[in-house]
Amino acid sequence: MEKTLSVTAINNGTVIDHIPAGQAITILRLLKLVDHKNQVTIGLNLSGNRGFKDLIKMENRYLTDREMHEIAIFAPNATINTIKDFKVIKKHKALLPESVIDIMRCPNPRCVTQNEPLKTCFDLYKHNEIIKLRCKYCEKTFLREEVKEYVA
Amino acid sequence: MSNHFYDRDLISISELSQSEISLILDTAKKIKQSPKKNLLQGKILASCFFEASTRTRLSFEAAMLKLGGGVCGFSDAGSTSAKKGESLYDSIKVITAYADVIVLRHPQEGAARMAAEVSNKPIINAGDGSNQHPSQTLLDLYTIYECQGRLDDLHIAFVGDLKYGRTVHSLSQACAAYNTKYYFVSPDILKMPEYICDYLSSKGMNYSIHSNINEIIDQVDILYITRLQKERFDEAEFKQIQGKYSLTAEMLREVKPNMRVMHPLPRVDEIEVAVDRTKHAYYFEQAENGLYVREALLALILNKELF
């Protein structure tokens, strides 16, 4: 039987694989890919070995270390492949950053970041494989799912 | 000797090392024994209380005056430009120009951290919402040290509102440096938050959870009682649970001789007045110690040299 690709291959750029289903749109926003002038292909709810996943392919777009860290907040098991001439020349695992600045909104309604002109800042850590975020200002700790990102 | 507290902020108890806490407690002890009358002459403390306070505000202001310094400030947000809509950011920028140190109480959690980023003068957090109140924690530690002769290896029960009480959160975190055995006594809806329990577990501390003071009263060195807020319960429910978290003189018959009762105050009816007349009551000494600990903080933050 002829095998077809669900998502078309790219010549040069980056492929982010193993994104938890539903998180690709968040990562598109995070990387501001809507404004990216080159081709971006996304796959949502693709079936993979570990259940459903999302995938993003970006033509001529490469990620900084900081961006790779930030992706790990939303997709801790993502793999980031750098592509050249249709071949994977580098494979990275997304690594959780120690902190994130001005990406997430503190869910605590009494936190000073809700009312003052401040950039939010969270320290990140894993406890029993669960990602937790601690607000630098109100010092409250939240599960990753409880903290929403700023909408760009 | 040079003093590395000079010009520093005090925002959160977690930022202080064990040796730094010891220095503050030792300084408080020296000041209690021998007052330092003119140490801060010519210095000004801005006492900025955007929320009501009795003990904290008055003891900070008294501490500054006893050290020879001056005080300016306000005791509620209604008399400031916050009422006209001024941001805290702008208020702090302005106040910074008038004072040598700013003591800040504010209902927003993280307000003191933000103020420290905005101001080039030292900020002392005097309570930011339900978050931190580090000078209360230091005076609690000082009081425990004073009445027990040590901080290590003590059995401490925290009783009452453990969910919303910033005092018990900060003190329980600080005690993790001293191999404390914890007993948490509260109604289920006001139990110690998970993040505090996680923190204590990560530090290898032992804690147990109880629903009645009588279960643990004969095992502890310190009984740290906090106020149950009536408004968190319906009336029938409050009447039912109230007795389990209140202390009477009668209950003290079988306790350890060294056991002391602490309370951050104000109390309502969680400690019977008859307890005041027993040797176990230590909450008024605790409130008095607030003065010496706050004098110590101001002395360390505003003086280049240790004394």
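A salt bridge is here a side-chain nitrogen of Lys or Arg within 4 Å of a carboxyl oxygen of Asp or Glu. By that rule, a search of the whole structure, which is a predicted model, finds 17 salt bridges over all chains.

**Domains of chain B**

Chain B is divided into domain 1, comprising 13–132 and 288–302, and domain 2, comprising 135–285. Taken over C-alpha atoms, the centres of the two domains are 26 Å apart. Their contact takes 24 residues from domain 1 of chain B and 23 residues from domain 2 of chain B. Together the two domains bury about 2000 Å², of which 56% lies on carbon and sulfur atoms. On the side of domain 1, Ile13(B), Leu25(B) and Asn289(B) lose the most area to domain 2, together 27% of what that side buries.

Between these domains there is 1 salt bridge. Lys32(B) and Glu146(B) form a salt bridge in which the closest N and O atoms are 2.6 Å apart. H1(B) contributes the largest share, 7 residues. By class, that side has 9 nonpolar, 8 polar and 7 charged residues.

**Interface of chain B and chain A**

In the interface, 18 residues of chain B are in contact with 16 residues of chain A. The two chains bury about 1500 Å² between them, 42% of it on carbon and sulfur atoms. Gln108(B), Glu109(B) and Tyr195(B) supply 36% of the area that chain B buries against chain A, more than any other three residues.

The rule finds 6 salt bridges across this interface, and 14 residue pairs in polar contact, both residues being at pLDDT 80 or more. Helix H3 (88–96), helix H4 (111–118) and helix H7 (194–202) of chain B each supply at least two residues of the side that touches chain A. The largest share, 4 residues, comes from H4(B). The residues of this side divide into 5 nonpolar, 7 polar and 6 charged.

**Individual salt bridges**

| Pair | Closest N to O distance |
|---|---|
| Lys32(B) and Glu146(B) | 2.6 Å |
| Lys132(A) and Asp198(B) | 2.9 Å |
| Lys132(A) and Glu194(B) | 4.0 Å |

Lys132(A) forms a salt bridge with Glu194(B). Because Lys132(A) lies in strand E9 (residues 130–135) of chain A and Glu194(B) in helix H7 of chain B, this pair joins two chains. Lys132(A) is buried at 9% relative accessibility, whereas Glu194(B) is exposed at 59%. Lys132(A) also forms a salt bridge with Asp198(B). Asp198(B) likewise lies in helix H7 of chain B, so this pair too joins two chains. At 19% relative accessibility, Asp198(B) counts as buried, because the cut-off is under 20%. Salt bridges that share partners join Arg134(A), Glu139(A), Glu15(B) and Arg113(B) into one network.

Lys53(A) is buried at 15% relative accessibility, and Asp17(A) is buried at 14%.

Terms used
Residues are numbered from 1 along each chain as its sequence is written. Chains are lettered from A and ligands numbered from 1 in the order in which they are written. This is a predicted model: local features need pLDDT of at least 70, side-chain atom pairs count only at pLDDT 80 or more; totals for chains, interfaces and linings use all residues. Side-chain values use heavy atoms; hydrogens and water are left out. Domain bounds come from an automatic or database domain assignment. Contact means heavy atoms within 4.5 Å. Buried area is the accessible area (1.4 Å probe) that two parts lose on being put together, summed over both. Ala, Val, Leu, Ile, Met, Phe, Trp, Tyr, Cys and Pro count as nonpolar, Asp, Glu, Lys and Arg as charged, and the others, Gly among them, as polar. A polar contact is a pair of N or O atoms within 3.5 Å; within protein, one must be able to donate a hydrogen and the other to accept it, and residues adjacent in sequence count only if both atoms are side-chain atoms. Buried means under 20% relative accessible area, exposed over 50%, partly exposed in between (1.4 Å probe, protein chains only).
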